[in-house]
Amino acid sequence: MKNRIVLSLFAFSAIAVLSMCNKATDEDKALFSRSATTEGFTWYKGNDAKLESTIPGAHHKYVRTRFNAIAQAALGSDGTLPVGASFPEGSLIVKESYDENDNFKIYAVMEKAPNNSAAGEGWLWAEYDADGKAVHSISKSNSGCINCHNDSGNRDFVMFFDRFP
Ligand code: HEC
């Protein structure tokens, strides 16, 4: 009897853990498909040119960033977020990274979703490769992302405006 209880408790927690993983995977899949398309996005300052990253690495030499319509609507006429303003829920910002040979590497993604339990500072943080594999799942700790994105000059945790004025 005792064994059966232990066994079913074990099975129950295994199922709980598995379904948590699936939730993360499903949300990652959905976020990837919203991010991998350029449709409905506007490139930063209307320009899709690749810029030299200010945090260069071999896989991260060039970057370009785009904003979905909700995020874009929060930007001023100069294409930047006014100092002190913040992005509304549903804002989606995608940074494409390219290596030194101009090969696409990853999508780095921030989506404003303050009610999502995986959010940090109001944003979901994720990175996906071209096939949608989560290099950094939204369910992973986002403290590494945030530690950098709260550097001086950030506007609502977005770095681009100050780095590429
Ligand atoms: C070492 C510091 C650092 C870390 C760690 C970091 N970022 Fe960034 N991120 C930057 C900088 C700086 C930029 C501006 C573009 C550039 O220079 O590459 C940026 C740009 C971005 C952008 C475009 C919008 C913006 O803020 O400019 C997104 C999206 C993004 N990062 C997502 C992430 C995610 C997701 C993580 C964690 C998985 C992460 N970043 C970790 C420094 C960092």
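This is a predicted model: local features need pLDDT of at least 70, side-chain atom pairs count only at pLDDT 80 or more; totals for chains, interfaces and linings use all residues.
I looked up burial first: of the 165 residues in the protein, 36% are buried (under 20% relative accessible area; exposed is over 50%, partly exposed in between, with a 1.4 Å probe and protein chains only). Residues are numbered from 1 along each chain as its sequence is written, and side-chain values use heavy atoms, with hydrogens and water left out.

**Fold.** I counted 4 helices and 7 strands (DSSP runs numbered from the N terminus: H or I of at least four residues for helices, E of at least two for strands). From the N terminus on, I read the order as α-β-β-β-α-β-β-β-β-α-α.

I found the ligand in the largest pocket. A pocket here is an open set of points on a 1 Å grid over the protein atoms alone, where a 1.4 Å probe fits and protein lies on both sides within 12 Å along at least five of seven lines. To sit in it, a molecule must have more than half of its atoms within 2 Å of the grid points.

I listed the shell next: 25 residues surround the ligand, and the closest are Ser-53, Thr-54, Cys-145, Cys-148 and His-149 (a heavy atom within 4 Å counts as near). By type, I have 15 nonpolar, 7 polar and 3 charged; Ala, Val, Leu, Ile, Met, Phe, Trp, Tyr, Cys and Pro count as nonpolar, Asp, Glu, Lys and Arg as charged, and the others, Gly among them, as polar. Elements supplying at least two shell residues each include β3 (62-68), β5 (104-112) and α3 (143-149). The largest share, 4 residues, comes from α3.

**Contacts.** An N or O atom in the Ser-53 side chain is 2.6 Å from a ligand oxygen. For Thr-54, a polar side-chain atom also lies 2.6 Å from an oxygen of the ligand.

Which residue is the only protein donor of the iron atom? I found His-149, through NE2 at 2.1 Å (donors are N, O and S atoms within 2.8 Å of the metal, or 3.2 Å for Na, K and Ca; water is not among the atoms, so sites may look incomplete). His-149 is in helix α3, and a side-chain N or O atom of His-149 is 2.9 Å from a ligand nitrogen.

**Asn-103.** I placed Asn-103 in the loop between β4 and β5. Asn-103 is partly exposed, because its relative accessible area is 40%. Its C-alpha atom is 9.9 Å from that of Lys-61, 42 residues apart along the chain.

Terms used
A polar contact is a pair of N or O atoms within 3.5 Å; within protein, one must be able to donate a hydrogen and the other to accept it, and residues adjacent in sequence count only if both atoms are side-chain atoms. On a 1 Å grid over the protein atoms alone, a cavity is a set of points where a 1.4 Å probe fits but cannot get out, and a pocket is an open set with protein on both sides within 12 Å along at least five of seven lines; lining residues have an atom within 4 Å of a point.
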